[in-house]
Amino acid sequence: MTDTVSFNATDDDVVQCPYPHYRKMRDEAPVLELDGNLLGRGNERVFAVSRHEDVKRILHDTATFSSEFGGSGAKASPELRARLKEVYADAWPNVSTMLTEDPPSHTRYRRLVSMAFTPRRVARLEPELRRICEELVDGFENASRIDFHNKFSVPLPVAAVATILEVPDTRRADFKKWADSSVVSIGRIISDDERVAAERDIVEQQHYFVSELEARRADSRDDFLTDLLNAELQPDDEVEGGPLDIPEMLSIIRQIQVAGSETTASLLSDLIVQLGKHPDEWEKLKADPSRAAKVVEEGLRWASPNQGLFRIVRADTEVAGTPIPKGSTIWVMYGSADHDDRVFDDPEAFDPDRERLNSHIAFGHGIHFCLGAALARLEAVVALKVLAERINSIGVVEPDTLRYGPSFILRGLEGVQVDLTYR
Ligand code: HEM
């Protein structure tokens, strides 16, 4: 390690353009100890790992690098705990599932959820996603300037997840509010008032989904919630058998909602900006919409909407020659790994025809590989195809003033104004 490299994930210059900082870390301090308080991890010793090769190795070694990072971090004050106790009075307990679990518990959850969140169910969504995208473009009303982020990027993934969860139109505004409250504290330090308000919304969402699940217990349907309710495992050497209980289902529903909304919105906004800045790429896409899959893949690498997550070190170990003691926290930096010039030539360039396009780890790697990757890809590909059919030209308004939000986990633009001409 070296003391010449420092990194402050909350510094606005870093938030707006982290890539030169990531490069310095990869080159000079590929394992860098950071102040846990600045990453919402309290007084934990946090080691940031920035090279592609090291991030991948850590994600693969689930015995040494545990995903049980959910319960630790900054502790609530006694006042906040008292306020939250009141909010939780009629709540179901928050249980840790999938993302924050290790095998065999993770294996059990992943198998059960995979019985409901099937490739077939995702593929079946395509016509509905196309309909939603067309409706969103209709909503532009041929205006020459639109707020693409709020009129397209944000509503599309919320509508996609709401469709999977069968949330009716009358509750879509609530669903959006619940989704926002679920992500408000991810990768950001928030006030106690914000935390209490967010938890209130989450309890409201719990009540909504419990009544939806109970309705399906009485009268089953051909949908994700029914399949989740009915999913059941036979016990074997690896996992306990049985179905999910209500708190587990609520946790999984929330994870799908949280993981599926803001990440995909960020991808869509970064994609439109890149296509606006590279009119040659936009022309190629219009001429050959089958390029959409490549463009999306490069967008995933370039933007890495999930910039990093945590792992807890279970045994004394080393990474890139740096000793890391048991009990430390690792920040696995997907965003840096995806800009590592040891893997990607000219990593800051947006180039859908680049070599090793599929080596990015924007969806993670190994057993926690993004459950919703197929859905996110489908949403973005359908979106680009519909836009290519309907839009002639894209100009990003004042590209130098684009701003990313303050989260160091879910990186995304706060807004994107574009000038459009239509076909
Ligand atoms: C561009 C969009 C997306 C990005 C960049 C993204 C990124 C990721 C990453 C990096 C992980 C791995 C976390 C880890 O290693 O600990 C992950 C896991 C996960 N993602 Fe996504 N995601 C996206 C969209 C979605 C969507 C649409 C859904 C659901 C509908 C979803 C659901 C999940 C779930 C449930 C997990 C946890 C899986 C597990 O722990 O086994 N994600 N995602």
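## Salt bridges

Let's start with a network of salt bridges that links Arg23, Arg26, Asp27, Asp340, Asp341, Arg342 and Glu348. A salt bridge here is a side-chain nitrogen of Lys or Arg within 4 Å of a carboxyl oxygen of Asp or Glu, and by this rule the count comes to 42. The model is predicted, with pLDDT of at least 70 needed for local features and 80 or more for side-chain atom pairs, while totals for chains, interfaces and linings use all residues. Residues are numbered from 1 along each chain as its sequence is written, and side-chain values use heavy atoms, leaving out hydrogens and water.

## Two pairs to look at

Arginine 121 and aspartate 222 form a salt bridge at 3.6 Å, N to O. Arginine 121 sits in helix H6 (residues 119–123) and aspartate 222 in the loop between helix H11 (192–218) and helix H12 (224–230), so the pair ties together parts 101 residues apart in sequence. Helices are DSSP runs of H or I with at least four residues, numbered from the N terminus.

Arginine 121 is buried, at 11% relative accessibility, whereas aspartate 222 is exposed, at 53%. Buried means under 20% relative accessible area, exposed over 50%, and partly exposed in between (1.4 Å probe, protein chains only). In another salt bridge, arginine 216 meets aspartate 223 at 2.7 Å, N to O; arginine 216 is buried at 1%, and aspartate 223 is buried at 1%.

## The iron site

Cys370 (SG), at 2.3 Å, is the only protein donor of the ligand's iron atom. Donors are N, O and S atoms within 2.8 Å of the metal (3.2 Å for Na, K and Ca); water is not among the atoms, so sites may look incomplete. Cysteine 370 lies in the loop between helix H16 (334–337) and helix H17 (373–390).

Notes. Helices (H or I, at least four residues) and strands (E, at least two) are DSSP runs, numbered from the N terminus.
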